[in-house]
Amino acid sequence: MEKITTISLMGMKAKGERIAMVTAYDYPTAKIADEAGIDAVLVGDSLGNVILGYPSTLPVTVDEMLHHTRAVAKAIKRALVVGDLPFMSYQASTEDAIRNAGRFIKEGHAEAVKVEGGRGMVEKIEAIVRAGIPVMGHLGLTPQWIHQLGGFKVRGKTEVAARAILEDARVLERAGVFSLVLECVPWQLAKLITERSGVPTVGIGAGPYCDGQVLVLHDLLGLTGPHIPKFVKRYARLGDAMAKALADFRQEVKVGKFPSLEHSYEMPGEELKKLKRLSKVGPR
Ligand code: KIV
C-alpha cells in the first residue's frame, strides 16, 4: 500500500488518473473512507453545518477543527489528510496564516491545509508554502466569503466572472498550491482551468472534466437533507437505515424483546449455587 502524498496527487494528474476525495470528521468514517481506497480526506470546515449544527461554516474555530483533524488523521493509513483552515484563521495576517496552518500539522497531524480565496490570498498562501506546508486552493463558490458573494450561487457564469476565476487559478498555481478545489462553477470553466492548470483540480459541482471529485461524506451517504444541491449524488441512504434501526431498537425495548438471553451474560453454575445459598440466609 503506497501512502498518498501531495506529490502523488500531482502524479495522478500527469497519468490521467482521477482523484477521489471525501470529507470526514471522525475516526470511524475516516477509517472506512481510507479502507475504501479514497485518495484524499478533507477535514472540511463543513464540520460546522454537517456535524456541529451551526448555520454555516463561519463560526468554526481552529480548536474545533484540530479536535476533529486529530481523530481523522489517527484513522488514515493511505489517503492524504487535508485540514481546512477555518474563517479568520488566515485572513488577518500572514503570521496568523503560518501559525494556524502550522497547528494543523503539529497538533492535528494533517499533511496539507486548504485555503479559500483567489488573488487576495496569495501572500498568505506563499507564506504557508514557504513554511513547508502544502496548500490546496479553493475557488468558485467559497463559503467563507458568503456574505460578500451574496448567497450560495454558481460562480463564473459570465465571461467576465469566468476570466476572473481563470486568472485566480493561474495566480494560485504560481503561489505554489499543489491542487485546486473548484466549487460550483460551470463545467466548461472547470474544464478550461483543468486543461490549463499544472496542478490537479478537484471539483464539487464543477462537472466531469476535473482531475478529481470531492463530496461531503454525509451528502453522499444520505445523512443530510432533505434538500441537497444539484451536484450531490446519493450513493447510500444511511439516514433512512439509521432511523429504521433506532425505531426497531426502541420497539424491542418497549415490548421487552431486547435484550434476550442471547445478548446477556451468564453466571458460572458453582457461583450461582453459592449466590442462591446466600440469598436464602441473607437479609430479605
Ligand atoms: O468544507 C468542505 O467540506 C469543503 C468541501 C466542500 C470542498 O470545503
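**Starting from one cysteine**

Cys184 is buried, with a relative accessible area of 10% (buried is under 20%, exposed over 50%, partly exposed in between, with a 1.4 Å probe and protein chains only). This is a predicted model, where local features need pLDDT of at least 70, side-chain atom pairs need 80 or more, and totals for chains, interfaces and linings use all residues. Residues are numbered from 1 along each chain as its sequence is written, and side-chain values use heavy atoms, without hydrogens or water.

Cys184 is not a glycine, yet its phi is positive, at about 50°. Its place is the loop between β6 (179-183) and α9 (helices are DSSP runs of H or I, at least four residues, and strands runs of E, at least two, numbered from the N terminus).

Trp187 is partly exposed, at 41% relative accessibility. Tyr209 is partly exposed too, at 40%.

The charged end of Lys191 sits over its ring, 5.5 Å from the ring centre (NZ of Lys or CZ of Arg within 6 Å of the centre and within 35 degrees of the ring normal).

The other aromatic pair is Phe249 with Phe258. Their ring centres lie 5.9 Å apart and their planes meet at 65°, so this pair is edge-to-face. Phe249 is partly exposed, at 46% relative accessibility. Phe258 is partly exposed as well, at 35%.

The bond from Phe258 to Pro259 is cis, with omega near 0°. Pro259 lies in the loop between α11 and α12 (269-281). There is a cis bond from Gly225 to Pro226 too, with omega near 15°. Pro226 is in the loop between α10 (217-220) and α11 (238-254).

Now back to backbone angles. Met88 is not a glycine either, and its phi is positive, at about 70°. It is found in the loop between β3 (80-84) and α5. Met88 is partly exposed, at 47% relative accessibility.

Helix α5 (residues 94-106) packs against helix α4 (residues 62-75). The angle is about 20° and the axes are 9 Å apart (lines fitted to C-alpha atoms over the stretch in contact; angles run from 0 to 180 degrees between N-to-C directions). That makes α4 roughly parallel to α5 (under 35 degrees; over 145 is roughly antiparallel, 65 to 115 roughly perpendicular, the rest oblique). Val62, Asp63, Met65, Leu66 and Thr69 of α4 meet Asn100, Arg103 and Phe104 of α5 (contact is heavy atoms within 4.5 Å).

Helix α6 (residues 122-130) packs on helix α8 (residues 159-175) at about 25°, with axes 9 Å apart. So α6 is roughly parallel to α8. From α6, Val122, Ile125, Glu126 and Val129 make the contact. From α8 come Val171, Leu172 and Ala175.

Terms used. Rings of Phe, Tyr and Trp (its six-membered ring) pair if their centres lie within 6.5 Å; planes under 30 degrees apart count as stacked, over 60 as edge-to-face and the rest as tilted.
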